[in-house]
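Subject: Structure handover

Hello,

The structure is shown below, with notes on what was found in it. Please look it over alongside the notes.

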Amino acid sequence: MISSDDEQLLAILRTNGRASVSDLARALQVSRSTIQNRLQRLEQQGVIQGFTVELGSQYLSEQVSAHVSIKVRQKLTARTNSELKHIPQVSALYAISGEYDLIAVVQAHNTEQLSHILDDIGNLEGVERTNSSVILETKFKR
């Protein structure tokens, strides 16, 4: 279980994953060793799994992104998930309820590349059908 202090630390890290221990300590008005101990504990508990790169708005504005709803034949779900994981332009894959089984987030350099990726997904063994929605604009992201 994490404390409200841990929640505050995580909120700062979500905003700036590169914040230094000193900056975190200053923002939370605690010592650097307290921050280091909290970070280590949160990592050991699996709350913090790692730190990653967030792509900049300039780069992302040059990308075409789409949500692809995917209906999968029941016995081929694991295989389809594995094959989708090997398509580098699929940045996330979610299992969902409803008419479709999965939603893939796809990022491409242009609509032509997106079209080819959608064809590749549709041609995977186990995929019954897809439905794609191109993301026109991101209003906000947390």
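A term needed for the notes: a residue is called buried under 20% relative accessible area, exposed over 50%, and partly exposed in between, with a 1.4 Å probe and protein chains only. By that scale K139 is exposed, at a relative accessible area of 67%.

This is a predicted model, in which local features need pLDDT of at least 70 and side-chain atom pairs count only at pLDDT 80 or more, while totals for chains, interfaces and linings use all residues. Residues are numbered from 1 along each chain as its sequence is written, and side-chain values use heavy atoms, with hydrogens and water left out.

Salt bridges

The structure holds seven salt bridges (a side-chain nitrogen of Lys or Arg within 4 Å of a carboxyl oxygen of Asp or Glu). One of them joins K139 to E137, at 3.1 Å from N to O. E137 is exposed too, with a relative accessible area of 55%. Salt bridges with shared partners connect R79, E83 and E125 in one network.

Helices here are DSSP runs of H or I with at least four residues, strands are runs of E with at least two, and both are numbered from the N terminus. R79 is partly exposed at 42% relative accessibility, and E83 is partly exposed at 24%.

In another salt bridge, the closest N and O atoms of E99 and R129 are 2.6 Å apart. This pair links distant parts of the chain, 30 residues apart: E99 is in the loop between strand 2 (90-95) and strand 3 (102-108), and R129 is in strand 4 (residues 127-135). E99 is exposed at 53%, whereas R129 is partly exposed at 34%.

Helix packing

Helix 1 (residues 4-15) packs against helix 3 (residues 32-44) at an angle of about 85°, with the axes 11 Å apart. Axes are lines fitted to C-alpha atoms, for helices over the stretch in contact, and angles run from 0 to 180 degrees between N-to-C directions. Helix 1 is therefore roughly perpendicular to helix 3 (65 to 115 degrees; under 35 is roughly parallel, over 145 roughly antiparallel, the rest oblique). In the contact (heavy atoms within 4.5 Å), D5, D6, L9, L10 and L13 of helix 1 meet I35, R38, L39, R41 and L42 of helix 3.

Regards
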